[in-house]
Every structure is written in structure tokens, then in C-alpha cells.
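Visitor: Hi, I'm new to this one. Could you walk me through it?
Guide: Happy to! Let's bring it up and start with the strands.

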Amino acid sequence: MKEYIRKIKYCILGRGKKWSLEHPVRFIKEVKISERVSIGKYSYIVSGRIYSDTKIGRYCSIAENVAIGAPNHPSDWLSTSPFQYGGIFKTKSKSIKHKETGEGTNIGNDVWIGANVFVKRGVKIGDGAIVGAGAIVVKDVPPYAIVVGNPAKIIKYRFDSATIEQLLDLEWWNLDFEVIKDLPYNDIKRCVNLINERTK
């Protein structure tokens, strides 16, 4: 465990140890991770903030200065400030609880998130999706979609619908690394065929 902690020295983990990192995971620069966060193997994050109740799948590539699952402020209270329920100001108003709206944030497997992206709390980004740099993601992203802009919109899909269906059925990210380590990665059709052969 000491060796693993050394390797993740650029990660600032939330209190309570309610997080899960599936080895190997890499952090390139400073990444702040809140409680109840899980990150799948072979995923990396360059820098940014991952807020509570976020699940990140396997083989994800997350660039610089990302914010995923930031908490919401109350919009129908006297103020939007957390002074009303304690928060960062440690005020005496802790008897009033502010519950997060919506479910946790879910980033699928094999997702690429570009630099300076903001992902709203509760959003689900499907397996294989790409989120372009600077995008503001406020609603769910389908598997293998490429989204850009503010708010993020689909511009195209990585593959045709038949290939996407095959990849989702294969769930290659759940296979032992030995099965996929020597595939012709740049030929998607051959990859799918070889994975099918090797897993029969």
C-alpha cells in the first residue's frame, strides 16, 4: 500500500477513506478527490477536481483542469451561500441540512475528457464517449458520442451504430489485460473480431 500511495502522490484524497482506486491509476499533476469516488484501472487524470459521489470507469483519459460532479448550491433559499448550512464557513446554521440534488456523476469506461471541461453533478457520460476541451456538460452523453461546446452537444459518433453495439456487448474493458494487450488497436473491425475469437 505504501508503494501505491507513493505513486499517487499528486492526488489529494478526501477524508473518511470512502474512495476506491483500482490499480493502476495515474495522476500527472495535482488532483483533488472528494469522498465516495471510485476510479477504474488504467485511467489517468492530469489535474482538476473530482467531487463526491463520482464513479469513473476503466481506461479513461482525463486532461488538465477538469471539474467533475461539482455540488449544487440551493437556488430557492434565502441565499445561494453555504453560510446557511455550515459548509466552508463553519457557521452555527448546521441544523439546516442541504442535500445534493440528483444522483452521483458517472463517467463510463474508455472516456476521453479534454482540458478545462466542467461536468455537472448527476450527469452520466457513456462508455467510449469523447468530451471536447472547454465543454460544459449539463446532460447525459450517449456511448461513443463526441460532444463539444457550451452547453455540450453531439457533433458525431466515433463509430457506426453496428460497431458501437458490438463494443458495448463486448465490454472489452472488463477483460483481462492479457486478452487485449497485443491487438491491432488502429483497426477497430479486426480488434472486435479478435476479441470475439479470444473470448469464446
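Visitor: In which sense do strand 3 and strand 6 pair?
Guide: In this predicted model, strand 3 and strand 6 (residues 43-45) are parallel, and three bridges link them. Val25, for instance, has Ser43 in strand 6 as its bridge partner.

Visitor: And what's the strand order of the open sheet of seven strands?
Guide: The order is 3-6-9-12-15-17-18, and the pairing is mixed.

Visitor: Which strands stand at the edges there?
Guide: Strand 3 and strand 18 (153-157) do. Each has a single partner strand, so one side of each has no neighbour in the sheet.

Visitor: Then is strand 17 parallel or antiparallel to strand 18?
Guide: Antiparallel, with four bridges between strand 17 and strand 18. One of the pairs is Ala145 with Tyr157, its bridge partner in strand 18.

Visitor: How many residues lie between strand 17 and strand 18?
Guide: Four, and the two strands form a hairpin. Look for Gly149 in the turn: its phi is positive, about 95°.

Visitor: Switching topic: what's the order in the open sheet of five strands?
Guide: That one goes 2-5-8-11-14, with parallel pairing. Its edge strands are strand 2 (20-21) and strand 14 (124-125), each pairing on one side only.

Visitor: How many bridges join strand 8 to strand 11 there?
Guide: Three bridges join strand 8 (residues 54-56) to strand 11 (residues 105-107), and they run parallel. In that pair, Thr54 stands opposite Thr105.

Visitor: Now the inside. How many residues are in the largest nonpolar core?
Guide: It has 29 residues. Ile39, Ile45, Ile107, Ile113, Ile125 and Val137 have the most contacts inside that core. Several strands supply at least two residues each, including strand 5 (37-39), strand 10 (66-70) and strand 17 (145-148).

Visitor: What is Val137 in contact with, leaving aside neighbours within four places in sequence?
Guide: Its contacts are Val117, Phe118, Val119, Lys120, Val123, Ile125, Val131 and Ala152.

Note on methods:
Residues numbered from 1 in each chain as written. Predicted model: local features only at pLDDT ≥ 70, side-chain atom pairs only at ≥ 80, totals over all residues. Heavy atoms only, no water. Pairing = 2+ DSSP bridges. Core = buried A, V, L, I, M, F, W, Y, C linked by side-chain atoms within 4.5 Å. Buried < 20%, exposed > 50% of the residue type's maximum accessible area, 1.4 Å probe, protein only. Contact = heavy atoms within 4.5 Å.
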